[in-house]
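Keep the structure in view as you read.

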Amino acid sequence: MNTIISKYKRMARTIALSVALPASSLMLTGCNDFLDTLPLNDVVLENFWTQKSDVTSVLNSCYESLGSKESIIRMGMWGEMRSDNIIAGSATPYEYSEMLKEKILPTYGIVKWAVMYQTINRCNTVCHYAPMVQEKDPNYTVDEMNANIAEATFIRDLCYFYLIRTFRDVPVSFEPSIDDTKDFKIPPTPMNEALDLLIADLESVKDKAVRRYFDDSKYTNLQAYSVARENSSRVTRVAIYALLADLNLWRGNWEKCIEYCDLVIDFKKEQYRLKKANLSSNNIKDLQEFYGIPLIRDYQDGSTTSGDAFTAIFGRGNSFESLFELYYENNRGNKNEYTDPYYYRIENNSSSQGHFAAYSELGNKVYDKSNKGTTMLFAYNDSRVYGTLQADGTRILKYACTSYSNSNMQSIIRGLTSIGSGLFGSPRTSNEFANWIIYRLTEVILMKAEAKIMQGDGNFREAFNLINAVNKRSRLLSSDNKGDTLVYNNYGTSREKMEQLVIDERQRELMFEGKRWYDLVRLSLRTGNTKQLASKASEKQQSGQNAVKVKLSDINAIFLPYHKDELDLNPYLQQNSAYSNTEDFSK
């Protein structure tokens, strides 16, 4: 499988056999035409699952489903829309506008989870049938089978992780639904039990995944990016480590989280050592060690522009720092394969701007050097803000790159020696092809920092260095600037200050990547109260701030309601109590 997004659609018969969902809470609207094509019986199945290519085809469909428009919208909006990052734009649809005010109904389309369960069921099918195919096809080796199962397991458990963080208790099953007459109505699994199931599931396959599909150790980063998708957009062992680190962070297993973070960080250190051994120093000058961890430099020696890291990570994609991202390209002829979950620029070849905007306070005073030394989220010389927000401070720039071209991206992020509100215009693409990043190295660094902080004050200095590595990369204006960009004594006096520092750094680094709301939820679960979440989420409200604070004081309200259709189909689901009195509630 040389590309992640399948270049072809199998016949309706193949799709029917591989992605069939029960006539229950897992049914996805739009699949009925496939489901009704053929009877799903043992004879038909026996004729399909016979060779390696059958497994490959269905595995391709797992990636394709994960990267679908409906899936990306949910990964982005579930993880950001209710947070302090996002406000309404000039053309926000009614349901989204109401959700931004915390007026959420169980009839809203965004709370439908069917696309996630479609992906899960495809993965379950691969895991179930791959061993049978391996017995039939001598060209399908045990190692290939184990690697394919590891890929499907990661995608399945990633989807479950999104569902758990969004709805809390959800039905969890690792069994495929092959026959649409099968009763698949099962009770939801409690959150912590579900997280434990996912951890055990991934641990059972982590060492069977492919470590690296493509050896790029003799390539510069600029040379490697066009083929690096073989490693970054297919599930590798290091991607599984990243998900395991995240799951253990949520579960409060600090030592295990750190263990998996170290496996990721050590892997990247090894890659860097190989590049240094194979390439001239001039060909790896775009990488630099920050507290011993190699990261992409954001400002090159002798250059007058910043934004090199942004260009590599979000412009070209598949960067040195990538662990897993969904790959798209701008010449595939179908502009609707991917939609930016916030900006919605292209829809049926016409522009549709303004669905969402950034909360204006995120960029307040950033474009003025008076910001220097203040307590605003972004410092004036933090190049990340210039790749995240446009000059008006509200329009979302991330994922709206104009080109893979390094020079074009740098024209957006101008030299930081003359900060001003008019630094850049609004160059946006007429094609949507920016990759959607699930995990990258700096997030894992910050996961480790958070876990270290939770282990106690003896670990604060190490945690601070990890956070400062991420921060310093984006504020390193020249090779002469070797000083810390953060000051340890301002934070190292208490766990609360250190914890706030890492959460703030995650907001700066991962803004609009579908992480912020989940960070606030994780903090609420850890402390047993929603004080900080409610405060942050209510700040952006133009009116009714107190009402939003009161609503979000109920810890149940930080999760979304089950959709009404799911309640009607699955008798084991009971509506989240925070939404039991909402309009149209019938269960």
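How far is the sulfur of C257 from the closest cysteine sulfur? The distance is 4.0 Å, to C261, which is too far for a bond. This is a predicted model: local features need pLDDT of at least 70, side-chain atom pairs count only at pLDDT 80 or more, and totals for chains, interfaces and linings use all residues. Residues are numbered from 1 along each chain as its sequence is written, and side-chain values use heavy atoms, with hydrogens and water left out.

**Cysteines**
- A disulfide is a covalent bond between the sulfur atoms of two cysteines.
- Here it is defined as a pair of cysteine sulfur atoms within 2.5 Å, and the count comes to zero.
- C257 is buried, at 0% relative accessibility. (Buried means under 20% relative accessible area, exposed over 50%, partly exposed in between, with a 1.4 Å probe and protein chains only.)
- The sulfur of C159 has its closest cysteine sulfur in C123, 6.3 Å away, too far for a bond.
- C159 is also buried, with a relative accessible area of 0%.

**Helix α5**
- Helices are DSSP runs (H or I, at least four residues), numbered from the N terminus.
- Helix α5 covers residues 69-80, and its end C-alpha atoms are 16 Å apart.
- Ten of the twelve residues of α5 are buried, including W78 and E80.

**Positive phi angles**
- Most residues other than glycine have a negative phi.
- E102 has a positive phi of about 65°.
- E102 lies in the loop between α6 (94-100) and α7 (114-136), and is buried at 4% relative accessibility.
- R168 has a positive phi near 80°.
- R168 sits in the loop between α8 (142-167) and α9 (191-203), and is partly exposed at 21%.

Notes: Helix = DSSP H or I, 4+ residues; strand = E, 2+ residues; numbered from the N terminus. Expected span 1.5 Å × (residues − 1).
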